Amino acid sequence: MSAVMITRKVRKWEKLPGKNTFCCDGRVMMARQKGVFYLTLFLIVGTCALFFAFECPYLAVHLSPAIPVFAVLLFLFVIAMLLRTSFSDPGVLPRALPEEAMFIEMEIEAANGNVPTGQRAPPRIRNVQINNQIVKLKYCYTCKIFRPPRASHCSICDNCVDRFDHHCPWVGNCVGKRNYRYFYLFTLSLSMLTIYIFTFDIVHMVMREFLLFLIRRDTQFTVLEVLVCFFTLWSVVGLTGFHTYLISLNQTTNEDIKGSWSGKNRVQNPYSHKNIIKNCCEVLCGPTYPSVLSVVIAASAPFQNVVLRLQKTTAPLIPNEHTPDDAKPSIAASAEKSPSPREEHPPAPKVPPLASPETDVEDKTH
Ligand SMILES: [Zn+2]
Ligand SMILES: [Zn+2]
């Protein structure tokens, strides 16, 4: 008799200790607090249902049948973008496995040497050079990894997220590298849908004679729609305008809040192409990235250093220099003085002056 050993594939998301919930074999992912997301869904579906029920029949007969058709298409697009943003992996960076964490810890200890008792250990930071600017990689004490550039730890989801933008309770998920463009398309299409419904509500009211319209019972829902759209309009259109501004600069909300590239220390955004069209193309039409969470973890998987694996695609490591200033900023500036990637281990590396004062807003635990 031959014994058959059946081994089940275990994927990264199954071992993710963050506060996310998963279903459909890991294809659907959301934050645990979903109350505001259901409110968003209710407001969109409810307002559109009233519009289809009370406005569209009249407008289709007296104006054009294209009005409800376009409204349906726009509504479906908005819902598709909302669900895509809410249910997808925003770019979560899995925590280090115990062996990986142990190796990184040994590396840090070897680099820092023995810290005398009573003295504070130097900050855990590594430098990488991106477009002639030095960017600091911070160590996440929760995930036990050096975060890649632009990543941050979301205190609500309790995960590090690549190109972290912000945590959006309205969509019930983090917005990051993998779902930012869908989030932007959601806000853009929702702005268009709100303006569309608001405009045709007003048209409907005018066509049915305004004063007469207000006292009719069957048209009171139209007044409700106008009020919902009016108050939604300002926030949604404002949000879309803000993200259009960020995209044109190739900047994230997180970086904007921190003032990472505010320029007061002559720090410039190393990711910006200094061209609005190029920045928009990169953010909205750039390559899509596969989810790291679907990677299979085998019991006999060869040891991999998470840090090196992540940084392979970003930039060369620069020797770190622990100065007292290390504690505050995470980005250092300067083009000319920055050491070449080839100068891996010089006796006294010259690191350019530190610049942008950056505090980790999201990472409240550290
Ligand atoms: Zn983290
Ligand atoms: Zn989050």
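What geometry does the site of the zinc ion (ligand 1) have, given the angles among its 4 donor atoms? The site is tetrahedral, with angles of 105 to 114°.

This is a predicted model, in which local features need pLDDT of at least 70, side-chain atom pairs count only at pLDDT 80 or more, and totals for chains, interfaces and linings use all residues. Residues are numbered from 1 along each chain as its sequence is written, chains are lettered from A and ligands numbered from 1 in the order in which they are written, and side-chain values use heavy atoms, with hydrogens and water left out.

**View 1. Donors of the zinc ion (ligand 1).** Cys-140 (SG), Cys-143 (SG), His-153 (ND1) and Cys-160 (SG) coordinate the ion at 2.0 to 2.3 Å. Donors are N, O and S atoms within 2.8 Å of the metal (3.2 Å for Na, K and Ca); water is not among the atoms, so sites may look incomplete. Four donors count as tetrahedral if all angles lie between 85 and 135 degrees; four count as square planar and six as octahedral if opposite donors are over 155 degrees apart and all others between 65 and 115; anything else is irregular. Along the sequence, the donor residues of the zinc ion (ligand 1) are spaced C-x2-C-x9-H-x6-C. Cys-143 and Cys-160 link distant parts of the chain, 17 residues apart. Cys-143 sits in the loop between strand 6 (133–140) and strand 7 (145–146), and Cys-160 in strand 9 (residues 159–161). Helices (H or I, at least four residues) and strands (E, at least two) are DSSP runs, numbered from the N terminus. Cys-143 is buried at 1% relative accessible area. Cys-160 is buried too, at 0%. Buried means under 20% relative accessible area, exposed over 50%, partly exposed in between (1.4 Å probe, protein chains only).

**View 2. Donors of the zinc ion (ligand 2).** Its protein donors are Cys-154 (SG), Cys-157 (SG), His-167 (ND1) and Cys-174 (SG), at 2.1 to 2.3 Å. The 4 donor atoms subtend angles of 100 to 117°, so the arrangement is tetrahedral. Donor spacing for the zinc ion (ligand 2) is C-x2-C-x9-H-x6-C. Cys-154 and Cys-157 are both buried.

**View 3. Aromatic pairs, including Phe-37 with Tyr-38.** The structure holds 12 aromatic pairs. Rings of Phe, Tyr and Trp (its six-membered ring) pair if their centres lie within 6.5 Å; planes under 30 degrees apart count as stacked, over 60 as edge-to-face and the rest as tilted. The Phe-37 and Tyr-38 ring centres are 5.5 Å apart and their planes meet at 55°, so this pair is tilted. Phe-37 is buried, at 2% relative accessible area. Tyr-38 is partly exposed, at 48%. The rings of Phe-52 and Phe-75 have centres 6.0 Å apart and planes at 85°, so that pair is edge-to-face. Phe-52 belongs to helix 1 (residues 35–62) and Phe-75 to helix 2 (residues 66–87), so the pair ties together parts 23 residues apart in sequence. Phe-52 is partly exposed, at 25% relative accessible area. Phe-75 is buried, at 15%. Elsewhere, ring pairs join Phe-198, Phe-230, Phe-231 and Trp-234 in a cluster.

**View 4. Arginines over tyrosine rings: Arg-84 on Tyr-182 and Arg-150 on Tyr-271.** Arg-84 lies over the face of Tyr-182, 4.2 Å from the ring centre. Arg-150 lies over the face of Tyr-271, 4.0 Å from the ring centre. A charge sits over a ring if NZ of Lys or CZ of Arg is within 6 Å of the ring centre and within 35 degrees of the ring normal. Arg-150 is placed in the loop between strand 7 and strand 8 (152–154). Its phi is positive, about 75°, although Arg-150 is not a glycine. Arg-150 is buried, with 15% relative accessible area.

**View 5. The loop position of Arg-163.** Arg-163 lies between strand 9 and strand 10 (166–168), in the loop. Arg-163 is not a glycine, yet has a positive phi of about 45°. At 13% relative accessibility, Arg-163 is buried.

**View 6. Glu-100 in helix 3 (residues 98–112).** The Glu-100 side chain reaches the backbone nitrogen of Leu-97 at 2.9 Å. Glu-100 is buried, at 3% relative accessibility.

Conventions:
A polar contact is a pair of N or O atoms within 3.5 Å; within protein, one must be able to donate a hydrogen and the other to accept it, and residues adjacent in sequence count only if both atoms are side-chain atoms.
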